[in-house]
Amino acid sequence: MDSDTIYILIVDDVPQNLLVLEKYLHSPDITIIKAASGNQALGHVLEYDFALILMDVQMPEMDGLEATRQIRKKKSGIRNGKIPVIAMTAHALAGDREKCLRAGMNDYLSKPISPATLAETLKKWLPGKTGESREKQAESAPQEGILPTIFNRNDMLERLLFDHDLAQTVMGGFLDDIPKQVDIMVACLVKGDLAAVQRQAHSIKGASANVGGEALRDIAFKAEKAAGTGDLQTVWEYMPDLKNNFSLLKEAMEKMN
């Protein structure tokens, strides 16, 4: 590996999230390695000498908490078990930050992550590599109109540093993926699998927040909370609104093309 290159690992099971973070971190002296699960992340950590890891908390196979615990184990075989690990989660519940820190994570970012927030994190954990250009780019971006509630277009574009090509890629992936996620959620509801329903609602919530789908995010959050309390009936009652809000969001996004 090039000793002058900073290696950063980003771990997230949503491809669109990886694209956005890659955009934020783009720099000639930074090499980005991506992973879609905790298991993949552990494989990369054995291969590369990372300066920083951005770790999603909730993922299939192995979640970010367990992956971090494995990294911190003295007998893990990892050369640098003290790599700064920054948690990324769409949860905004009391105690979540403490849970991440107990697992061995160093810091905590709430999704959706903004360029300015990430730049501040880089300043803290990568001294001398502050990401100031990304922060300034976000601050100087032109202001555009907002389609409130259903599609906060400006919010999405600002997070993507007003890269319209990237916005089209992210929206395309979102519109293709969410119907599949909803179908999986319905199948889990039929089975009565509370944990799986909660995971699906959480994924839909996070993906919706990233693209400015505020109404869809809100209904997914309500479904996630209901599943967390074991109330499947209420989740069923939210499903028509979930599907309707996705349809409205899709319509709004297609007008942007």
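## The sheet and its edges

In this predicted model, strand S4, which spans residues 85-89, is joined to strand S5 by four bridges, and the two strands run parallel. One of the residue pairs concerned is formed by Met88 and Leu109, the latter being the bridge partner that Met88 has in S5.

This pairing belongs to an open sheet of five strands, arranged in the order S2-S1-S3-S4-S5 and paired in parallel fashion. Strand S2 (30-35) and strand S5 (107-110) stand at the edges of the sheet, and each has a single partner strand, so one side of each is left without a neighbour in the sheet. From one strand to the next, the twist averages 20 degrees.

## From S5 to helix H5

The loop between S5 and H5 contains Pro112, and the peptide bond that joins Lys111 to Pro112 is cis, with omega at about -5 degrees. As background to this entry, most peptide bonds are trans.

Helix H5 (residues 115-125) lies across strand S3 (52-56), S4 and S5, and its direction makes an angle of about 170 degrees with S5.

## The packing of H9 and H10

Two packed helices are described by the angle between their axes and by the distance between those axes. For helix H9 (residues 194-210) and helix H10 (residues 214-228), the angle is about 160 degrees and the axes are 8 Å apart. Since angles over 145 degrees count as roughly antiparallel, H9 and H10 are therefore roughly antiparallel to each other. Their crossing is left-handed.

On the side of H9, the contact is made by Leu194, Val197, Gln198, Ala201, His202, Ile204, Lys205, Ser208 and Ala209, while H10 contributes Leu216, Arg217, Ala220, Phe221, Ala223, Glu224, Ala227 and Gly228.

## Two residues with positive phi

Most residues other than glycine have a negative phi. Glu61, found in the loop between S3 and helix H3 (64-72), has a positive phi near 70 degrees although it is a residue other than glycine. Because its relative accessibility is 67%, and the cut-off for exposure is over 50%, Glu61 counts as exposed.

Leu161, which is not a glycine either, has a positive phi of about 55 degrees, and it is found in the loop between helix H7 (153-159) and helix H8 (164-191). With a relative accessible area of 6%, Leu161 is buried, because the term applies under 20%.

Note on methods
Residues numbered from 1 in each chain as written. Predicted model: local features only at pLDDT ≥ 70, side-chain atom pairs only at ≥ 80, totals over all residues. Heavy atoms only, no water. Pairing = 2+ DSSP bridges. Axes fitted to C-alpha atoms, helices over the stretch in contact; angles between N-to-C directions. Contact = heavy atoms within 4.5 Å. Parallel < 35°, antiparallel > 145°, perpendicular 65-115°, else oblique. Left-handed = near helix turned anticlockwise from the far one by under 90°. Buried < 20%, exposed > 50% of the residue type's maximum accessible area, 1.4 Å probe, protein only.
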